[in-house]
Structure formats: C-alpha cells, structure tokens
Amino acid sequence: MSAPRTAAGSGGGHQDGTGGGASQDKVRASRPTPPGLVVGLRASAEAEVTDADTAAALGSGDVPVLGTPRLLALAEAACLAAIAPVLPGGQTTVGTAMSPEHKRPSRIGARGQVEAEPSEISGRRLVSVVIAYGRGTGE
C-alpha cells in the first residue's frame, strides 16, 4: 500500500457538494478553526482488496492489484473519520492534493489499513499524514 500526504479544506465545503460562489468563499475563509480540530486526532479505514478494487477494474492500470483510486478513497475516508466528530453540523472536508508513494502492490485478498492524522492546521487549510499498510503486501 502507500503513504499519501493529503491537504484538504477543514470543513470548507457543503455536504451537498456545492462549493458556493466567491462571496461564500470569503465568508468561509473568515471562519475560525472549529473547536476540537487539533493536530493528533486519528482514525483509520480498512478494506480487503477485491476484484472491484484492482487497477484493472478501476481503469487506472492493467494489473490485478489495489488501484490508486481505491487507495486514495480509503485515505480520504480515514481523513474525514479523524475530524468528522469535531466539525460543526453541515460541514465536511474534501481532499485537494495527495502525494502517494507506492512501495509494494496489494494483491486480491490482501487486507489493508489506512491511518490518518491531521499534522498541520491553519484556518481552513488542513494537512494530514496518511500511512497505508496491509497483510499480503510485504509492508
């Protein structure tokens, strides 16, 4: 599995997926960091690699190993799970940048776990460190 580093807005978007217009962006930018949103919150997401999770099935490659899109989805799920309990109602977070490093493939049947922890918080900007590993991958 991989170790992506993610950057996301800390609750800047709406759950319905709308980002709002420029005037709404100015309002959101002035919002303080939600109380309780601190460096060190942690969460994880787990999955077993299935045929549907492979690069071949997802169209990101032609091999039967965990596809990057699925890995990134697990990373985002872990990031959100880490901070969701402290976000005000109606707010969420989305990933805006990731830098994965693939060290070993995860074959079908491998169990993987992704752990996420916010490492930097500055207003609406949130950076998390994500580590992914699993049995059956060599890591």
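**Reading salt bridges and exposure**

A: In this predicted model, Glu-117 has a relative accessibility of 24% and therefore counts as partly exposed, since that label covers values between 20% and 50%.

Q: Which side chain does Glu-117 meet in a salt bridge?

A: Side chains of opposite charge can pair when their charged atoms come close. Here the partner of Glu-117 is Arg-42, with 2.9 Å from N to O. Glu-117 lies in strand 6 and Arg-42 in the loop between helix 1 and strand 3, so the pair ties together parts that are 75 residues apart in sequence. Arg-42, with a relative accessible area of 65%, is exposed.

Q: How many salt bridges does the structure hold?

A: The structure holds four. One of them joins the side chains of Glu-46 and Arg-111, at 3.5 Å from N to O; this pair links strand 3, where Glu-46 sits, with strand 6, where Arg-111 sits, 65 residues apart. Glu-46 and Arg-111 also belong, together with Glu-48, to a network of salt bridges.

Q: Is Asp-53 buried or exposed?

A: Asp-53 is buried, because its relative accessible area is 9% and the label applies under 20%. Asp-53 forms a salt bridge with Arg-70, the closest N and O atoms being 2.9 Å apart, and Arg-70 is partly exposed at 27%.

Q: Which residues form a nonpolar patch on the surface?

A: The patch is formed by Val-129, Ile-131 and Tyr-133, which together have about 230 Å² of accessible area. Val-129 is found in strand 7 and, at 36% relative accessibility, counts as partly exposed.

Conventions: Residues numbered from 1 in each chain as written. Predicted model: local features only at pLDDT ≥ 70, side-chain atom pairs only at ≥ 80, totals over all residues. Heavy atoms only, no water. Patch = residues over 30% accessible without salt bridge, like charges linked within 9 Å, V, L, I, M, F, W, Y side chains within 5 Å. Areas by Shrake-Rupley, 256 points an atom, 1.4 Å probe, with all protein chains shown as cover. Helix = DSSP H or I, 4+ residues; strand = E, 2+ residues; numbered from the N terminus. Buried < 20%, exposed > 50% of the residue type's maximum accessible area, 1.4 Å probe, protein only.
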